[in-house]
Amino acid sequence: LAIFDVDGTLVDSQGHIHHAMRGTFADFGLPGPAPEATRSVIGLSLGTAIGRLAGEGAPVGEMTEKYKELFAAGRAGASVADLSPLFPGAGEALARLAARPDTLLGVATGKSRRGLSAVLEAHGIGGYFATARTADDHPSKPHPAMIEAAMEEAGCGPADTVMIGDTTYDVEMARAAGVRAVGVGWGYHAPDALIGAGAVEVSSSFPELPHALDRVWAGP
């Protein structure tokens, strides 16, 4: 079972996310986060991410609802595929992995179910995934619940499961679930940070990723 994060791993959504985040903060009279601050929390559940950026005492619930409103409004006149494009080689790598008779694919994301469905439909990749877990049904990363539920649905154990993601939250979630993590070098956290969090390796490109997974599954 190969479980993928979405934002920063499959799609590059940082511009859309940051625009909605700055608009949310402005609406509440708060200084907007810098782009690197927004990138640092992508992957967490929305309320957790906003709370981390806004700090103690912020009206996180109200801000979360405003963010959802602005994020949806930001799609006006633009397609989901344009706002959250696939990283180069992602579609081809998913197709190769999904064609393997011994491999199942899954998703574990801080996105809502609605947001995930929009991205998967926009890129025509939803059919590749045997299991998809979102922030609507589970605690925020790095809690292991999403991986545990994905393994149960797919019928795979920790030794046969790999988490693929671009943030330390993905790696920490994998470790908490007792599975190995492969980082990706094209996302929002630095490769050194991923290795430091416990990733067994960091893949440099999507064409190389299937080979990285083979090395992990063949290892001790």
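Tutor: Buried means a relative accessible area under 20%, exposed means over 50%, and partly exposed lies in between (1.4 Å probe, protein chains only). The model is predicted, so local features need pLDDT of at least 70 and side-chain atom pairs count only at pLDDT 80 or more, while totals for chains, interfaces and linings use all residues. Residues are numbered from 1 along each chain as its sequence is written, and side-chain values use heavy atoms, with hydrogens and water left out.

Start with F87. Its relative accessible area is 10%, so F87 is buried. F87 sits in the loop between α5 (80-83) and α6 (90-98). Helices (H or I, at least four residues) and strands (E, at least two) are DSSP runs, numbered from the N terminus. Beyond residues up to four places away in sequence, F87 touches G8, T9, L10, V11, D12, W186 and F206. Contact here means heavy atoms within 4.5 Å.

Now the strands. Two strands pair if DSSP finds at least two bridges between them. Strand β1 (residues 2-4) runs parallel to β4, and three bridges join them. I3 has M163 of β4 as its bridge partner. β1 also pairs with β2, again in the parallel sense, over three bridges.

β2 (105-108) pairs in turn with β3, parallel, over four bridges. A108 stands opposite R133 in β3. From β2 the chain passes through helix α7 (residues 113-123) to reach β3, in a right-handed β-α-β crossover. Right-handed means that, with the strands pointing away from the viewer, the path from the first strand over the helix to the second runs clockwise.

β4 (residues 162-165) also pairs with strand β5 (residues 180-184), parallel, over four bridges. G183 of β5 is the bridge partner of G165. Helix α9 (residues 168-177) carries the chain from β4 to β5, and this β-α-β crossover is right-handed.

Next, the faces. In a regular strand the side chains alternate between the two faces of the sheet. In β4, V162 and I164 lie on one side and M163 and G165 on the other, and all are buried, so both faces are covered. β2 is likewise covered on both faces: L105 and V107 are buried on one side, G106 and A108 on the other.

The helices come next. Seven of the 10 residues of α8 are buried, so the rest of the structure largely encloses this helix. They are A145, M146, I147, A149, A150, M151 and A154. These residues pack against β1, β2, β3, β4 and α9. Just after α8, G155 has a positive phi of about 75°.

α9 is mostly covered too, with seven of its 10 residues buried. The buried set is T168, Y169, D170, V171, M173, A174 and A177. G178 follows α9, and its phi is positive, near 80°.

Look now at the loop between β3 (129-133) and α8 (145-154), which holds P142. H138 is found in that loop as well. H138 has a relative accessible area of 15%, so H138 is buried. Neighbours within four places aside, H138 is in contact with R133, A145, M146 and A149. Most residues other than glycine have a negative phi, and most peptide bonds are trans. The K141 to P142 bond is cis, with omega near 10°.

Finally, a helix pair. The axes of α3 (residues 46-54) and α4 (residues 60-73) come within 9 Å and cross at roughly 115°. The contact involves L46, G47, I50, G51 and A54 of α3, and V60, M63, T64, Y67 and K68 of α4. Axes are lines fitted to C-alpha atoms, for helices over the stretch in contact, and angles run from 0 to 180 degrees between N-to-C directions.

F71 belongs to α4. At 12% relative accessible area, F71 is buried. F71 touches H16, I17 and A20, leaving out residues up to four places away in sequence. M21 is 50 residues from F71 along the chain, and their C-alpha atoms are separated by 8.3 Å.
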